[in-house]
Amino acid sequence: MPFTLPALPYARDALGPHISEETLNYHYGKHHQAYVDNLNKLVDGTDLADAGLEEVIRASAGSKPGVFNNAAQVWNHTFYWHSMKPGGGGEPTGAIADGIKDSFGDYQSFRKAFSEAGATQFGSGWAWLVSKGGKLEVRKTANAETPLTEGGVTPLLTMDVWEHAYYLDFQNARPKYIETFLDNLVNWDFANQNLSDSK
Ligand code: MN3
């Protein structure tokens with residue numbers, strides 16, 4: 001079964017004015033689609049052709065970089081689209097709010113750590129909020145790297161900091177994009193759901 005591009009959880013213009021329809025047309029319609037298409041070409045006729053996406057990611061990590069990069073980017077992007085929602089942003093509620101207080105002290109300390117992870121990821125990559133052993137942690141990963149390959153870690157939320165995620169709307173101002181992600185887009189419902197599923 002070939003991999004397919006998962007549907008966006010909202011319309012391509014729904015994140016405006018923060019992230020434009022034009023960005024979604026390229027980022028979702030071209031980049032994410034290309035990772036799906038490349039992955040299908042790379043696994044066609046191999047023993048991974050019928051494997052699930054997460055299985056392909058784990059099986060190719062460290063051994064088949066072409067397959068890994070495309071498979072992980074398919075997964076990371078789907079996770080990223082769900083990490084945002086129209087009318088999102090602001091301080092979390094529910095179990096995530098309690099977890100952030102418990103693990104970081106307060107929301108502002110989390111915000112600082114997450115923003116720094118995104119801003120200091122040199123070149124392309126991702127910033128993450130993950131759950132590990134009952135604590136919440138912030139991570140940054142390079143290129144297609146994903147916390148999925150790390151045992152005992154549940155990704156809760158991600159932010160794409162590849163230039164293609166923000167260049168059309170923010171040009172080189174990655175910190176402004178990060179601020180916008182946190183203030184106007186982040187989907188805490190999704191993070192709460194992932195935290196709840198991990199227990
Ligand atoms: Mn991207």
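**Figure 1. Packing of helix H2 against helix H3 in the predicted model.** Helix H2 (residues 53–60) and helix H3 (residues 65–82) pack with their axes 9 Å apart and at an angle of about 145 degrees. The crossing of these two helices, H2 and H3, is left-handed. On the H2 side, the contact is formed by Leu53, Glu54, Val56, Ile57 and Ser60, which meet Val67, Phe68, Ala71, Ala72, Val74 and Trp75 of H3. Sorted by class, the residues in the contact of H2 with H3 are nine nonpolar, one polar and one charged.

**Figure 2. Packing of helix H1 against helix H3.** Helix H1 (residues 21–43) packs with H3 at an angle of about 145 degrees, and the axes lie 9 Å apart. The crossing of H1 and H3 is left-handed. Helix H1 contributes Leu24, His27, Tyr28, His32, Ala34, Tyr35, Val36, Asn38, Leu39, Leu42 and Val43, while H3 contributes Gly66, Val67, Asn70, Ala71, Gln73, Val74, His77, Thr78, Tyr80 and Trp81. The contact of H1 with H3 comprises 13 nonpolar and eight polar residues, with no charged residues.

**Figure 3. Aromatic pairs, with Tyr80 and Trp126 as one of the examples.** The count for the model comes to 15 aromatic pairs, with ring centres within 6.5 Å as the criterion. For Tyr80 and Trp126, the ring centres are 6.0 Å apart and the planes stand at 80 degrees; the pair is therefore edge-to-face. Because Tyr80 lies in helix H3 and Trp126 in strand E1 (residues 125–132), the pair ties together parts that are 46 residues apart in sequence. Both Tyr80 and Trp126 are buried. A further edge-to-face pair is formed by Phe104 and Phe110, with 5.5 Å from centre to centre and 70 degrees between the planes. Phe104 and Phe110 are both buried.

**Figure 4. An aromatic cluster that includes Tyr80 and Trp126.** Ring pairs join Tyr28, Trp75, Phe79, Tyr80, Trp81, Trp126, Trp128 and Phe190 into a cluster. Among these residues, Tyr28, Tyr80 and Trp81 also take part in the contact between H1 and H3, and Trp75 takes part in the contact between H2 and H3.

Figure 5. The side chain of Thr158 reaches the backbone oxygen of Ala127 at 3.0 Å. Beyond its neighbours within four places in sequence, Thr158 is in contact with Asn76, Phe79, Tyr80, Ser83, Trp126, Ala127, Trp128 and Phe181. Of these contacts, Phe79, Tyr80, Trp126 and Trp128 also belong to the aromatic cluster.

Definitions and conventions. Residues are numbered from 1 along each chain as its sequence is written. Side-chain values use heavy atoms; hydrogens and water are left out. A polar contact is a pair of N or O atoms within 3.5 Å; within protein, one must be able to donate a hydrogen and the other to accept it, and residues adjacent in sequence count only if both atoms are side-chain atoms. Contact means heavy atoms within 4.5 Å. Axes are lines fitted to C-alpha atoms, for helices over the stretch in contact, and angles run from 0 to 180 degrees between N-to-C directions. Helices (H or I, at least four residues) and strands (E, at least two) are DSSP runs, numbered from the N terminus. A crossing is left-handed if the near helix is turned anticlockwise from the far one by less than a right angle, and right-handed if clockwise. Ala, Val, Leu, Ile, Met, Phe, Trp, Tyr, Cys and Pro count as nonpolar, Asp, Glu, Lys and Arg as charged, and the others, Gly among them, as polar. Rings of Phe, Tyr and Trp (its six-membered ring) pair if their centres lie within 6.5 Å; planes under 30 degrees apart count as stacked, over 60 as edge-to-face and the rest as tilted. Buried means under 20% relative accessible area, exposed over 50%, partly exposed in between (1.4 Å probe, protein chains only).
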